[in-house]
Amino acid sequence: MPRPARPARPVRPVRLAPPSWLTAGLRPEPTPIPWAAVVRASVALSAPLAVGLATGQAAYGALVSMGALSAVIGDTADAYRMRVFNIAVPQLFGALGVTLGTLVFGHGWLAVAALTLVALVSGMISSIGAVASVSGLLLLLNCVVGAGLPMPGPWWKAPLLLTLGGLFVLVLTLLGWPLRRAAPERASVAATYRALADLYEATGTPAYDEQRQAVTASLNQSYDLVLSRRTRRHGRAPHLVRLLSQLNVLIPLLEAAPAAHLRARLVGPLPAAIPAAVRELADAVEEGRTGTPVLDLPAPERPAERAVDHALRHAAAVVHKTDPDPYNVDDRLGRPAALRVRARRAARAVLFSEASWRYGLRLALCIGLAQALVSLIAVPRSYWVALTVTFVMKPDFGSVFSRAVLRAFGTAAGLVLAALVLAEVPRGWWDVPVMMVLAALIPAFSAKGYAFQTAAITPVILLLSDTLNQQGFDLVMPRLYDSLIGCAIALIAGYLLWPESWHTRIGDRLADAVADTAAYVRSAFAPGTEDGPAVRHRARRKLYRDLSAVRSEFQRALTEPPPTGPRAAAWWPLVVAVERIVDATTAARIRVAHGAPDPDPAEVAAVERELRELADGLRSSETLVEVRAELPGDENGVLAPLRQEVRAARAIAGPDLR
């Protein structure tokens, strides 16, 4: 008897959609529009054009607006003193860059050699920090513009006009300083308290891990803002001393959160009075309130509850204190080293770091190829090729691959807008209202993502370039071709030819964080250690900063094509697991400090050993391998949650993507 035929399986429709790593940057970020920056950019870029037209020197006005554009892009800090630094220092490098570019303008292969050397220096100094990165960007960017566009003589005029544009933005930025000197710092500290309140509200829920990351980011930002302004002579800035003391007392509250999270998972949610009390402290910080705090908190019963209650009452007393003792405020939790020490470290990092030389050589190769190409092939206004390479190759702007793709999309969108303006709007005084609108889009779109920022900047640069060379609509299509050429050079010479080791980029950094976590476990519990609370606070803060940097690198890697993107996705759970191990260690330490029995030293040693073996495994392999960790111990003891998190980390395995 014949067997009945099996029913045919339904054919699933094939989804012809681009992969997520290609489209991730095309989705706008849900960030608010910085209206103050929008107004400032609109005025800073349009006013110089108006003055230039009124005085019959439109080219001079365009150069001042170009300098203002650079300052608008670089104005990313919150605190006023940091904004002075972030705007003024890069302008000096930009002036040097346009001077060098002007001197080699029209000199063919000499210009190629000069720009290649400047690119090497720009790439190497970019590894120092955020301000150095923007300074390196403007050094190379203005050198490219000076070597590609005819500048008004004599040689000093162009750098002077560009610097005036940057100073104009700086003056507009500082208009609110007399009224809001400490407002950014105070608002940042208050926001950290509110993030901590959200964290306590999320204890015992799946949202806890995500909210803890938000608290870490907010705490890092607050320390950076406050400590950047704090001087050695404490008495000169009493409001900063008070803000720093309010920030420091938040640390015990943050350290009690993991214990509260464990308690909420076992017993139930925390009383609503606790996050409400933290939000009340945030309001007191923001409003500068003093006096006697009134706290209506439930009586604590368990060690975790006692830790939260003690930390919250101490924080309330310090937040409402009028004049904290300036010499009793520990600012070593995040205080930067002395200027001489930082300068020595920066010089060592630039001259002897493999990463510094690697990036400098990559950028120099790409810029050299771009300039050599336009020297051999007649490309009108060829500076745009090297300009595209400069923006795409910036290491701290994200993945080179994704930036090249986003740059192409953003330039195409910006050129559509530029074509409409150049084709329909008469040149002259109409440039001023058009520039007011286009300039306002730059800070508004920059907050949404790199492609959107490129789309906003492109028509502004084209409009200013046309003021200098009067090519009109004929500029549009060559700029698109130049952008595509620049993106291709960056992808081939700056990305495909330099396959970075996964260990160099991710593995070793994550392994170092795991090894530091093992040391943190030992210092928290091992007998014979004399580390005090401040030492543990600093160790924990450093751990979370390092893990935050690793997390940022993973997020960049997730936007890259295979095998890097899938490998980053496979390793991502391990980053989360290490953060949870740090939390579990802190929770256990807090419980011991508030009455729970000390753990057995053998248990501590076993946990430390497993973490060090995990760190060694991360350094020696590019594939995650599951390991069944044997961690015996008291299942009701204080280290039981920590052992559980270590087992989970050791059990994470990923596909072989070599």
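Analyst: Start with glutamate 201: leaving aside neighbours within four places in sequence, it is in contact with Pro275 and Arg279. Contact means heavy atoms within 4.5 Å.

User: Where does glutamate 201 sit?
Analyst: Glutamate 201 is in helix 8, residues 183-201. Helices (H or I, at least four residues) and strands (E, at least two) are DSSP runs, numbered from the N terminus.

User: How far apart are the C-alpha atoms of glutamate 201 and isoleucine 274?
Analyst: They are separated by 8.4 Å. Along the chain, the two residues are 73 residues apart.

User: Back up a bit. What kind of model is this?
Analyst: It is a predicted model, where local features need pLDDT of at least 70, side-chain atom pairs count only at pLDDT 80 or more, and totals for chains, interfaces and linings use all residues. Residues are numbered from 1 along each chain as its sequence is written, and side-chain values use heavy atoms, with hydrogens and water left out.

User: What pLDDT does the chain average?
Analyst: The average is 80, and 83% of the residues score at least 70. pLDDT is the predictor's confidence in each residue, from 0 to 100.

User: Where is the pLDDT below 50?
Analyst: Residues 231-236 are one such stretch, with seven contacts in the model beyond near neighbours in sequence. Residues 326-334 also fall below 50, and that stretch has 26 contacts beyond near neighbours in sequence.

User: How many helices and strands are in the chain?
Analyst: There are 25 helices and zero strands.

User: How much of the chain is buried?
Analyst: Buried residues make up 53% of the 658 residues. Buried means under 20% relative accessible area, exposed over 50%, and partly exposed in between (1.4 Å probe, protein chains only).

User: What about contacts between residues at least 6 apart in sequence?
Analyst: Of those contacts, 82% join residues at least 24 apart.

User: Which residues of helix 16 are buried?
Analyst: The list is Tyr383, Trp384, Val385, Ala386, Leu387, Thr388, Val389, Thr390, Phe391 and Val392. That is 10 of the 10 residues in helix 16 (residues 383-392), so this helix is largely enclosed by the rest of the structure.

User: What covers them?
Analyst: The cover includes helix 6 (130-148), helix 15, helix 17 (400-424), helix 19 (450-469) and helix 20.

User: How do helix 15 and helix 20 pack?
Analyst: Helix 15 (residues 354-376) and helix 20 (residues 476-496) pack at about 140°, with axes 9 Å apart. Axes are lines fitted to C-alpha atoms, for helices over the stretch in contact, and angles run from 0 to 180 degrees between N-to-C directions. The two helices are therefore oblique to each other. Angles under 35 degrees count as roughly parallel, over 145 as roughly antiparallel, 65 to 115 as roughly perpendicular and the rest as oblique.

User: Which residues make that contact?
Analyst: Helix 15 brings Arg362, Leu365, Cys366, Leu369, Ala370 and Leu373. Helix 20 brings Ile485, Ile489, Ala490, Ala493, Gly494 and Tyr495. They divide into 10 nonpolar, one polar and one charged. Ala, Val, Leu, Ile, Met, Phe, Trp, Tyr, Cys and Pro count as nonpolar, Asp, Glu, Lys and Arg as charged, and the others, Gly among them, as polar.

User: New topic. How do helix 2 and helix 18 pack?
Analyst: Helix 2 (residues 35-54) and helix 18 (residues 431-446) pack at about 150°, with axes 7 Å apart. They are therefore roughly antiparallel to each other. The residues of their contact divide into 15 nonpolar, two polar and one charged.

User: Is phenylalanine 445 buried or partly exposed?
Analyst: Phenylalanine 445 counts as partly exposed, at 31% relative accessibility. This residue is found in helix 18. Not counting residues up to four places away in sequence, phenylalanine 445 touches Phe452, Gln453 and Ala456.

User: And arginine 650, buried or exposed?
Analyst: Arginine 650 is buried, with a relative accessible area of 9%. Its place is in helix 25, residues 640-650. Among the residues that arginine 650 touches are Glu610, Glu613 and Glu626.

User: At what angle do helix 23 and helix 25 cross?
Analyst: Helix 23 (residues 564-593) and helix 25 cross at roughly 165°, and their axes come within 9 Å. The pair is therefore roughly antiparallel.
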